[in-house]
Amino acid sequence: MQQKTKLFLQALQYSIPHLGKCMQKQHLNHCHFADHYYSRIKLRKYHLTKCLQSKNKISELARNIPSRSFSCKDLLPIKQENEKSPSENMDAFEKVRTRLETQPQEEYEIINAEVKHGGFVYYQEGCCLVRSKDEEADSDNYEVLFNLEELKLDQPFIDCIRVAPDEKYVAAKIRTEDSEASTCIVVKLSDQPVMEASFPNVSSFEWVKDEEEEDVLFYTFQRNLRCHDVYRATFGDNKRNERFYTEKDPSYFVFLYLTKDSRFLTINIMNKTTSEVWLIDGLSPWDPPVLIQKRIPGVLYYVEHRDDELYILTNVGEPTEFKLMRTAADSPAIMNWDLFFTMKRNTKVVDLDMFKDHCVLFLKHSNLLYVNVIGLADDSVRSLKLPPWACGFIIDTNSDPKNCPFQLCSPIRPPKYYTYKFAEGKLFEETGHEDPITKTSRVLRLEAKSKDGKLVPMTVFHKTDSEDLQKKPLLVHVYGAYGMDLKMNFRPERRVLVDDGWILAYCHVRGGGELGLQWHTDGRLTKKLNGLADIEACIKTLHGQGFSQPSLTALTAFSAGGVLVGALCNSNPELLRAVTLEAPFLDVLNTMMDTTLPLTLEELEEWGNPSSDEKHKNYIKRYCPYQNIKPQHYPSIHITAYENDERVPLKGIVNYTEKLKEAITEHAKDTGEGYQVPSIVLDIQPGGNHVIEDSHKKITAQIKFLYEELGLDSTNVFEDLKKYLKF
């Protein structure tokens, strides 16, 4: 239930873990606004990225895939040698796992990104932080700056890189797969690079330069998953490290963001519904910070800068959705904000990028993607509707004032590159190899009418040539919390399922953010049951329109999405045959009443305060999965949990599983002989990270569970996965 937060639209929520919102390391899934100034990201080959080492951007998907040069050759199929399976007697799923584990990693693995600053590219090579000249970035000619093995960590990786303005220093945040603890190292760049300093538990960090040309590193310190302290440090002969700011309210967290033009460093102080921003002059970092606007309950705002003006994305005023405002940088208070651009109803602002003469808004309107290009000289607006297959943005970081590159993706289609060229006023699509999935599958945008009449959007994928869809298996995805969109980034196993005849349905229920801030408001606190009504309506609508049937329907969710799934299993188990959950939040009541947990106080805006508010307590009791288990029939359930997960404690998941098994056993006794007892599987993975990357073993175990529980033939799965790996 507790997860990393990201920046820009739903609370600079990218570096601070929060309850429920789960992110894989590469996405850290709401808008984060930082990671894009002078840096550029690039991949050497076409594949998913493990972590983005550039500045945070506001995009929900910004960490999925870094940018690279606009060319089509990387999208051509990669030929591989055929490999024989180790044993002819292995079942199909063991073959799948073996195939994954024996493939050359760059063909399917998520890898590290590269950051360009000045004439160099900084990246991780093996277990080292390295740099190479930009023109030699694709060669093996690089300079080793630091060996990560010196930190004595188990399989460390670089999560983030920041280069000082004059390239005298480089800072990198180091993490491991099975822990959320991090270390920030500072390396002095010289003929013989040396580690100058090391700071534990750093969340966000940025460089600025003072009047004396001295590099100053600002960073936030995270303790018990909470981020309340800001420090600043200098190095060399004038070495110092001092606490600069401490947030006193435990329900808020602090995040640093450097405006794209590097003019201001912003200290963003936020909770789920309210924010406050202070400006540090990038030219005078020792001066006291300037408050833009004191926090007002319910008002969120985020700041960019251009030509002595602040551009403020905020929900202030009516309607309480995001709109773009601006004011002079020397008069930042709210009474001086002028309305600059408003969004249409049911619009989600996914991202914002600022250029010399343009502001680009990446939007989701009525579940379709758009790009709005605003001319800052004449206030002109050009709205571009993007291809209907696209479900998510990946915003490239770049410093080119003439072009705005980005990528589009879907759960079954790898990212495709696009570039908007300002001079020509046109959007260019990368040409070359066309993904065959465009011809072999369909994407549908449907709606389900919920109990109160609200229309809930759904995105459905299935094979074009599928016959009698009512007899096809259906895998439904749901989240519905924190104003976070349901993740729809590319996942190879989802593509395999579609190729094998599955229908995939993504249900954008209330509590999520797909239709804007109000969509979230209508599914949190004492409106959480709206999300339950929505997912029930979605599944019934899908069945009613001929998409599968209950005996072939499975439901899957991650983290806080487990609340709605667990609630549906209690209230309408007959709609489902099987369920897969990962790090699920299942005991809302007991968790939110335990204020000793590190993030409980930060989650009160989402779930309520059952300790002090009887109304909240009684409401949570109505839907809490753990509290509502009873002797009845349940679908088969596969739960993946993590041994030392600090966000979703293992104890709560174990208690849920044991109580569920007891209820099923009691029901089986009352039902008599012939009753088919559902399978309840708890797969406990080692490690202490709520956002552990998907392992091949875990993926194949989940898929195997679905095939077995739905009684499906798995013969084609292995061959489909082999086809994908050759793609």
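How many nonpolar, polar and charged residues are there, by class, in the lining of the second largest pocket? The lining has 11 nonpolar, 6 polar and 9 charged residues, where Ala, Val, Leu, Ile, Met, Phe, Trp, Tyr, Cys and Pro count as nonpolar, Asp, Glu, Lys and Arg as charged, and the others, Gly among them, as polar.

These legends describe a predicted model, in which local features need pLDDT of at least 70 and side-chain atom pairs count only at pLDDT 80 or more, while totals for chains, interfaces and linings use all residues. Residues are numbered from 1 along each chain as its sequence is written, and side-chain values use heavy atoms, with hydrogens and water left out.

**View 1. Confidence along the chain.** The average pLDDT (the predictor's confidence in each residue, from 0 to 100) is 82 for the protein, and 81% of the residues score at least 70. Residues 1–90 stay under 50, and for them the model has 458 contacts beyond four places in sequence, a contact being heavy atoms within 4.5 Å. The pLDDT is also below 50 over residues 99–111, a stretch with 40 contacts beyond near neighbours in sequence. Where pLDDT is low, the predicted coordinates should not be read in detail.

**View 2. The second largest pocket.** This pocket (on a 1 Å grid over the protein atoms alone, an open set of points where a 1.4 Å probe fits, with protein on both sides within 12 Å along at least five of seven lines) has a volume of about 540 Å³, taken as the space filled by probe spheres set on the points, which are joined across faces, edges and corners. Of its 26 lining residues, Glu 321, Arg 345, Asn 346, Leu 515 and Trp 519 are the closest to the centre, lining residues being those with an atom within 4 Å of a point. Two or more lining residues come from each of β24 (338–342), β33 (441–449), β34 (455–463) and α4 (517–521); helices (H or I, at least four residues) and strands (E, at least two) are DSSP runs numbered from the N terminus.

**View 3. Lys 426 in strand β32.** Lys 426 belongs to β32, residues 426–429, and counts as partly exposed because its relative accessibility is 48% (buried is under 20% relative accessible area, exposed over 50%, partly exposed in between, with a 1.4 Å probe and protein chains only). Leaving out residues up to four places away in sequence, Lys 426 touches Arg 382, Thr 419, Tyr 420 and Lys 421.

**View 4. Helix α3.** Of the 8 residues in α3 (492–499), 7 are buried, among them Glu 493, Arg 494 and Asp 499. Just after α3, Gly 501 takes a positive phi of about 105°.
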